[in-house]
Structure formats: structure tokens, C-alpha cells
Amino acid sequence: MAFSVVKVYRESLPKVKFIGKKYGDSDRINGSFGAKWGEWFSNGWFNILEKEIDMLPKECEGGAYIGLMRVKNNIFEYWVGMFAAEGSPVPLGFAYIDIPAGDIATAWIHGSDDNGEIYGMDAHNACMNKFFEKGWQLQDDPYFFERYQCPRFTTADKDGRVILDYCIYIK
């Protein structure tokens with residue numbers, strides 16, 4: 001069963017501080033950053049963030065784990081971490097990016113986490129097509145991210161499928 005895009009909407013985020021760790025293409029294993037996510041869980045880094053940062057409120061989808069991406073100076077960056085409130089402290093050992101307030105396009109990708117169908121270029125392109133169908137325009141050099149929100153992502157349906165939020169900053 002293939003993935004599907006089941007919901008598409010626009011939302012606004014306040015100015016946020018993304019707190020996490022940055023990776024690049026050389027950190028991929030078999031084309032994926034999955035091993036880096038494994039490091040995060042085995043090292044308890046999300047636990048540190050959950051205890052020490054000022055979370056975004058629930059109405060801003062606060063508390064979600066984030067895979068933040070962008071292309072800066074033609075170099076792909078992949079960050080793992082969480083969005084925090086603007087003035088949040090940054091725990092020792094973590095880096096941050098201040099991101100201005102803005103609108104994001106959000107798509108819910110419904111599919112299997114086990115086979116990887118909800119990740120990668122096919123899922124990205126399906127979401128982008130939905131955003132462009134709505135007439136939304138991307139910001140210049142936008143941040144885009146996968147938002148792993150509980151319980152959408154953490155609780156599978158009867159078919160073993162989950163929902164991954166795919167988001168990109170728009171004008």
C-alpha cells in the first residue's frame with residue numbers, strides 16, 4: 001500500500017528557536033539520517049531538550065521532534081531537534097537557529113514508517129504538488145521539516161500506518 005497525502009493546510013508559527021544538532025550529506029548512511037535519529041534516542045538528547053527548553057505551546061504543535069532541512073550556499077543541512085520558544089535557553093552541546101515568524105504549508109503523509117515510503121523525494125514531491133495546487137509560493141531558500149507529532153506519528157492505525165507532518169515555509 002502506497003503513502004497518501006490526507007490533509008493539506010496553512011498554519012502560522014511565531015518566531016522560534018530551533019535547538020538541535022546539525023548534520024550534512026556526509027552523515028548519511030545508505031542515503032538516510034536514520035542512524036542519527038538512533039543516536040538521539042540512545043543518547044537521551046530529546047529527554048534533555050524536553051527538560052531544559054521552553055516548549056512551543058500545543059497550538060503551535062509544540063513538543064514534536066523535528067527533522068529540519070534547508071539548502072544554504074548550495075549545501076544541504078539536516079538538523080535533528082525541537083522548536084522552542086524564542087527566548088529559550090540552549091542546553092550545553094546543542095546548536096540553534098533563530099527562525100522568523102512565518103506561515104508554513106503542512107501536509108499529512110499517511111503511510112508506513114517501516115518501509116520508508118513516507119520519507120524521501122516521492123513524498124516530498126507529492127506534498128509540494130499539493131502546496132502548488134493551492135497557489136502557495138515558497139519563501140526564498142525556505143526551511144522545510146518533518147514534524148513527528150504524537151500521537152499522529154507515534155500511534156499506528158489498524159494497518160500499521162502513521163501520519164508524518166511535512167512542512168515548508170511559504171510567502
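1. Start with the loop between helix H2 (45-52) and strand E3 (65-72), where Glu61 sits; helices (H or I, at least four residues) and strands (E, at least two) are DSSP runs, numbered from the N terminus. Phi of Glu61 is near 60°, a positive value in a residue other than glycine. With 17% relative accessibility, Glu61 counts as buried (under 20% relative accessible area; exposed is over 50%, partly exposed in between, with a 1.4 Å probe and protein chains only).

2. Keep in mind that this is a predicted model, with pLDDT of at least 70 needed for local features and 80 or more for side-chain atom pairs, while totals for chains, interfaces and linings use all residues. Residues are numbered from 1 along each chain as its sequence is written, and side-chain values use heavy atoms, leaving out hydrogens and water.

3. Asn73, in the loop between E3 and E4, also deserves a look: its phi is near 55°, a positive value in a residue other than glycine. Asn73 counts as exposed, at 67% relative accessibility.

4. Then check the peptide bond joining Cys150 and Pro151: it is cis, with omega about 5°. Pro151 belongs to the loop between E7 and strand E8 (162-170). For background, most residues other than glycine have a negative phi, and most peptide bonds are trans.
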